[in-house]
Every structure is written in C-alpha cells, then in structure tokens.
Amino acid sequence: MTKQREESRERRRRRVRVKVSGTASRPRLNVFRSLKHIYAQVIDDEAGHTLAAASSLDRAVRAQAGLKKVEEAMLVGRLIAQRAQEKQIKRVVFDRAGYRYHGRIKAVAEGAREGGLEF
C-alpha cells in the first residue's frame with residue numbers, strides 16, 4: 001500500500017472510531033483486511049478486552065480449500081458470530097476500520113448477520 005493510501009485509511013479509521021465504541025452490552029465488531037487474510041474481533045472497549053476472534057487463518061476456514069477471498073470472509077463472519085453467541089453476545093456495533101463497506105468487509109458483515117448477530 002502506498003504511503004498516501006495508508007494515511008488516508010488511517011484518517012478514515014480515526015474518524016469512524018470517534019463515533020463507534022464498544023461496551024459490555026454492545027461490543028464492537030472490528031474487521032482488519034490484509035492482502036491475503038481477513039481478521040475479525042469482538043471487542044469491549046470499556047474493559048479493553050477482546051471477547052471473541054476469528055480469521056481466515058482458523059482451521060475451520062482453512063479446511064475448506066479452494067475458496068475465494070470473499071467466500072472466506074463470509075465464513076469468518078459466520079465463525080465470529082458463532083463464537084460471540086457462545087459468550088451470549090447478540091448485538092454488536094460494526095467497525096469497518098476505515099475500509100469501504102464493499103467486497104470482503106461487506107461479506108464479513110453479511111456472514112455475521114447470517115450467523116445471528118444484530119448490528
């Protein structure tokens with residue numbers, strides 16, 4: 001990523017984080033996208049703890065070989081929803097971390113909704 005694109009995303013991320021914060025009753029679902037993988041975390045910002053995490057590196061996702069990146073992202077969304085519900089988390093705030101709500105980011109959100117999380 002070029003320096004200018006990195007700085008632009010970081011500015012967007014900070015702008016979003018001013019408005020989006022996770023609490024114990026409604027934690028933040030954060031998504032990070034790298035060129036190869038996608039990561040999702042459910043975070044309680046008040047306590048500073050990660051409550052649940054999932055990524056395209058998890059065994060459940062990697063076991064299904066031959067998937068495209070968007071399909072992997074959808075599985076990561078379903079997996080994070082399942083892990084959040086195991087901890088009795090049903091409602092979250094979606095934090096796109098400065099990325100456009102498009103492609104893999106959108107797929108994670110849709111997968112989480114299919115898995116039972118409410119935004």
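Strands β1 and β2 form a hairpin with four residues between them, strands being DSSP runs of E of at least two residues and helices runs of H or I of at least four, both numbered from the N terminus. V31 stands opposite A40 in β2. Strand β1 also pairs with β4 (residues 93-95), here in the parallel sense over three bridges, and R28 has V93 of β4 as its bridge partner.

The model is predicted: local features require pLDDT of at least 70 and side-chain atom pairs pLDDT 80 or more, whereas totals for chains, interfaces and linings use all residues. Residues are numbered from 1 along each chain as its sequence is written, and side-chain values use heavy atoms, with hydrogens and water left out.

Overall, the protein contains four helices and four strands, in the order α-β-β-β-α-α-β-α from the N terminus. Its radius of gyration is 14 Å, close to the 14 Å given by the globule rule for 119 residues, so the protein is as compact as a globular protein of that length; the radius is taken over C-alpha atoms, and the rule is 2.2 Å times the number of residues to the power 0.38. The C-alpha trace spans about 35 × 35 × 20 Å along its principal axes.

Of contacts (heavy atoms within 4.5 Å) between residues at least 6 apart in sequence, 60% join residues at least 24 apart.

Methods. Two strands pair if DSSP finds at least two bridges between them.
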